[in-house]
Amino acid sequence: MGTKQQLKDLPEDADLRRADSLAREIFSDIANKWALLIIEALGERTLRFGELRNEVEGVSHKMLTQNLRMLERNGLVDRKVYPTVPPRVEYTLTEPGRALLATVDAICGWTHHYLGHIEGARRHFDA
């Protein structure tokens, strides 16, 4: 899945099949509307669960919980629990999460740039 330049920079003993497999797993996890919206909502901020739920319009408590757990498992979100009553939980993007945010922003920019072309192609295809 890497370019020749990317592969050239890897150590000789790199397990490329494992890296490709892991990349597919992560793409599968994050390629859903809620995960991308959560990443976008967190941005450079730290948010509590309720704040995050308010930011991600339409997400259910269950879907937000599932996606936050998946993002935490993949090392993209940091979850910090404060020992208060009731417990206070905050979520922040990790460094890899912020790097992914930059990629998501780039994809959104690409979409905005080519929106007219994409819509025209769809109209032509659907005609």
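Analyst: A polar contact is a pair of N or O atoms within 3.5 Å; within protein, one must be able to donate a hydrogen and the other to accept it, and residues adjacent in sequence count only if both atoms are side-chain atoms. This is a predicted model, in which local features need pLDDT of at least 70 and side-chain atom pairs pLDDT 80 or more, while totals for chains, interfaces and linings use all residues. Residues are numbered from 1 along each chain, and side-chain values use heavy atoms, without hydrogens and water.

User: What makes the link between the side chains of E90 and R88 a polar contact?

Analyst: The side chains of E90 and R88 are joined at 3.4 Å, and the limit is 3.5 Å.

User: Why does E90 count as buried?

Analyst: Buried means under 20% relative accessible area (over 50% is exposed, in between partly exposed; 1.4 Å probe, protein chains only). E90 has 18%, so it counts as buried.

User: What makes G97 buried?

Analyst: G97 has a relative accessible area of 0%, so it is buried as well. Leaving out residues up to four places away in sequence, G97 touches I39 and L76, where contact means heavy atoms within 4.5 Å.

User: Why are α3 and α6 called roughly perpendicular?

Analyst: Helices are DSSP runs of H or I with at least four residues, numbered from the N terminus. The axes of α3 (residues 33–42) and α6 (residues 95–113) cross at roughly 110 degrees. Angles of 65 to 115 degrees count as roughly perpendicular (under 35 roughly parallel, over 145 roughly antiparallel, the rest oblique). The two helices are therefore roughly perpendicular.

Methods: Axes are lines fitted to C-alpha atoms, for helices over the stretch in contact, and angles run from 0 to 180 degrees between N-to-C directions.
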